[in-house]
Amino acid sequence: MKVAVIGADGQLGSDVVNAFAENQDAVCALTHAEIEISALDSVKSCLEKCGPAIVVNTAAMHHVENCEREPERAYAVNAMGARNLAAVTCDLGAILMQVSTDYVFDGKKNSPYVEEDAPLPLNVYGNSKLAGEYHVRALNPRHFVLRTSALYGKHPCRAKGGRNFVDLMLELARTRGRVRVVDDEFVSPTPTVDLARQIVGLSRSDDFGLYHATAESSCSWYEFAREIFSLAGVEVRLEAAAPGEFPAKAPRPQYSVLENRGLKRIGLNLFRSWKAGLQEYLFEGAMATPALSVKHG
């Protein structure tokens, strides 16, 4: 199939491009230089030229604090950008795969959220992404909306300084020797390679709709950091931060764990546990960086 990947040079988009290419699909890799999703004319001309059967949108304004400071821009990209893609892909008869977020929930459930749970975002980012979901679901019946959580991958995320949580923890351990991490926020850390693999697998289905798509099981950020240091064999003084020690400018859900109920229902859940994904990520990093010794197997 011919697949257009928007945000192709991003942390997730890079792995999505690779996953479709490995699947022998023809990939049209679109960066911000080629397409501006907040502009309908740009979306229309670019996708008409590309002529894809599937469009995967990984582009977003996802720096939470920046979204609070620039809500108009956040809605232009995350909501209207999704609307433009939904309208154009519907006209072209193409499938739209829209990546969304766990931040559409308020985190008060304290058990894994399923697709049927009512969303209630706490911040501009979550609200703008939820608006994008509604546009996609309303305008293109041939859609997949995939909510995911706590992504990390080998490609840099420019909006977050180029470092993911795993690499940041390793750097702090090396430079400071003492790390404090919150222990009261729970997520399902998800490698971008795993989400990319899931996107390819789901793209061959006609079970359109809304799906939760994260690594299996969950942990606090403190537990995530502890596993990073354990697998990497790094000696560091890891401490649980006190509640409210690192106040955020934008509110975040304390519990945003998602259950992949929809994927399991159709027999297409390809995700492994978050610990297995982390182990592979660190092992591959160690192969590229001999100074890092990772427990494997």
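Where does Q24 lie? Q24 sits in the loop between helix 1 (11–22) and strand 2 (26–30). A quick word on those labels: helices (H or I, at least four residues) and strands (E, at least two) are DSSP runs, numbered from the N terminus.

Before I go on, this is a predicted model, where local features need pLDDT of at least 70 and side-chain atom pairs count only at pLDDT 80 or more, while totals for chains, interfaces and linings use all residues. Residues are numbered from 1 along each chain as its sequence is written, and side-chain values use heavy atoms, with hydrogens and water left out.

Okay, back to Q24. Its phi is positive, about 70°, although Q24 is not a glycine. Most residues other than glycine have a negative phi. Q24 also counts as exposed, at 69% relative accessibility. For that I'm using these cut-offs: buried is under 20% relative accessible area, exposed is over 50%, and partly exposed is in between, with a 1.4 Å probe and protein chains only.

S217 goes with it. This is another residue other than glycine with a positive phi, near 70°. You'll find S217 in the loop between strand 10 (209–212) and strand 11 (219–220), and at 49% relative accessibility S217 is partly exposed.

Now on to helix 7, residues 192–203. Helix 7 has 12 residues and reaches 16 Å from its first C-alpha to its last, close to the 16 Å expected at 1.5 Å a residue. That expected span is 1.5 Å times one less than the number of residues. Helix 7 is mostly covered, with nine of its 12 residues buried; among them are L195, I199 and V200.

S203 is in helix 7 too, and S203 is buried, with a relative accessible area of 2%. What is S203 in contact with, leaving aside neighbours within four places in sequence? The answer is F20, I54, I95 and M97, where contact means heavy atoms within 4.5 Å. Then compare S203 with G233: they are 30 residues apart in sequence and 38 Å apart in space, C-alpha to C-alpha.

Next, N78, which is in helix 4 (residues 71–92). N78 is buried as well, with a relative accessible area of 2%. Its side chain has a polar atom 2.8 Å from the backbone nitrogen of M61, and a polar contact of 3.0 Å joins the side chains of N78 and S128. By polar contact I mean a pair of N or O atoms within 3.5 Å; within protein, one must be able to donate a hydrogen and the other to accept it, and residues adjacent in sequence count only if both atoms are side-chain atoms.

Last topic, the rings. Rings of Phe, Tyr and Trp (its six-membered ring) pair if their centres lie within 6.5 Å; planes under 30 degrees apart are stacked, over 60 edge-to-face, and the rest tilted. By this rule there are 11 aromatic pairs. F105 and Y113 have ring centres 4.1 Å apart and planes at 15°, so that pair is stacked. Both of those residues, F105 and Y113, are buried. Y152 and F224 make a tilted pair, 5.8 Å centre to centre with 45° between the planes. Y152 is in strand 6 (residues 151–152) and F224 in helix 8 (residues 221–232), so this pair ties together parts that are 72 residues apart in sequence. Y152 is buried at 1% relative accessibility. And to finish, ring pairs link Y152, F165, W221, F224, W274 and Y281 into a cluster.
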